[in-house]
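Here is a short report for a first look at this chain. Please keep the sequence and the 3D view open while reading.

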Amino acid sequence: MHELIQTIFTFLADLGYIGVALGLMVEIIPSEIVLSYAGYLVSRGEITFIGAVIAGTIGGTLAQMFLYWMGYYGGRPFLDKYGKYLLIKKKHLDLSEDWFQKYGAGVIFTARFIPVVRHAISIPAGIAKMPLSKFALYTTAAVIPWSIFFVYLGEKLGDNWQRIDEIARPYLQPIIIGAIIATLLYIAMRFMKKRKEK
């Protein structure tokens with residue numbers, strides 16, 4: 001498996017910015033690893049930091065748009081049948097759909113930073129026919145800081161970029177907690193607004 005990943009990375013490196021975007025669009029490898037590798041390429045002078053972040057943002061956003069369109073045009077029956085071939089687990093889809101139905105469109109941004117939910121939250125947004133412009137805005141707003149964070153760490157780690165999980169963990173914990181708090185605040189605001197409307 002390690003050799004396969006290394007082969008994929010070598011192929012992506014040869015493509016430069018397009019390779020970074022493709023690596024995130026295909027989603028065979030977690031986004032944090034692809035972005036860290038992009039940071040490694042920055043440290044070697046093969047691509048620029050800004051270019052890596054732009055490529056990461058485009059690739060990450062398009063990957064989520066693809067999931068959104070699957071939900072929009074295919075619906076839940078399609079995903080229940082074919083989701084496993086796209087590495088989409090039913091339990092993750094169930095949880096994401098539950099979150100979206102309970103908390104609404106605003107959760108699209110905060111869920112991007114929460115494990116498990118962030119990978120599948122785009123699908124219920126598509127199923128619910130959330131406006132594409134709003135979905136794209138919330139998604140891009142979340143993908144930009146995510147890309148900056150991991151490209152930066154990958155650049156600083158240089159040849160040790162493969163240690164990204166170990167190095168990123170202490171930083172990710174407060175980000176996840178912050179995202180959960182932001183989600184709870186958003187839920188509270190929605191609840192208060194509904195009470196006032198009644």
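## Thr 140 and helix H9

Thr 140 has its place in helix H9. Helices (H or I, at least four residues) and strands (E, at least two) are DSSP runs, numbered from the N terminus. This is a predicted model: local features need pLDDT of at least 70, side-chain atom pairs count only at pLDDT 80 or more, and totals for chains, interfaces and linings use all residues. Residues are numbered from 1 along each chain as its sequence is written, and side-chain values use heavy atoms, with hydrogens and water left out.

Thr 140 counts as partly exposed because its relative accessibility is 25%. Buried means under 20% relative accessible area, exposed means over 50%, and partly exposed lies in between (1.4 Å probe, protein chains only). Thr 140 touches Thr 57 and Thr 61, leaving aside residues up to four places away in sequence. Contact means heavy atoms within 4.5 Å. The C-alpha atoms of Thr 140 and Ile 58 are 8.2 Å apart. Along the chain, 82 residues separate this pair.

Helix H9 spans residues 132-157 and also holds Leu 153. Leu 153 has a relative accessible area of 8%, so this residue is buried. The C-alpha atoms of Leu 153 and Leu 35 are separated by 9.0 Å, with the two residues 118 apart along the chain.

## The whole chain

The chain has 10 helices and zero strands. Along the sequence the pattern reads α-α-α-α-α-α-α-α-α-α. Of the 198 residues in the chain, 44% are buried.

Take the contacts in the chain with a separation of 6 or more: residues 24 or more positions apart account for 70% of them. The accessible surface comes to about 11100 Å². Carbon and sulfur atoms hold 65% of that surface. Accessible areas come from the Shrake-Rupley method with a 1.4 Å probe; for residues, only the protein chains shown count as cover.

## Helices H2 and H3

Two packed helices are described by the angle between their axes and the distance between the axes. H2 and helix H3 (residues 31-43) pack at about 170°, and their axes lie 9 Å apart. Axes are lines fitted to C-alpha atoms, for helices over the stretch in contact, and angles run from 0 to 180 degrees between N-to-C directions.

H2 and H3 are therefore roughly antiparallel to each other. Angles under 35 degrees count as roughly parallel, over 145 as roughly antiparallel, 65 to 115 as roughly perpendicular and the rest as oblique. On the H2 side, Val 20, Gly 23 and Leu 24 take part. They meet Ser 31, Val 34, Leu 35 and Ala 38 in H3.

## A nonpolar surface patch

Phe 11, Leu 15, Ile 18, Leu 22, Met 25, Val 26, Ile 50, Ile 54, Ile 58 and Leu 62 form a nonpolar patch on the surface. Together they have about 910 Å² of accessible area. Patches are made of residues with over 30% relative accessible area and no salt bridge: like charges are joined within 9 Å, nonpolar side chains (Val, Leu, Ile, Met, Phe, Trp, Tyr) within 5 Å.

Helix H1 (2-15), helix H2 (17-26) and helix H4 (49-82) each supply at least two residues of the patch. Leu 22 lies in helix H2. Leu 22 counts as partly exposed because its relative accessibility is 33%.

## One salt bridge

How many salt bridges are there? The count comes to one. A salt bridge is a side-chain nitrogen of Lys or Arg within 4 Å of a carboxyl oxygen of Asp or Glu. The side chains of Arg 44 and Glu 46 form it, at 2.6 Å from N to O. Glu 46 is partly exposed, at 42% relative accessibility.
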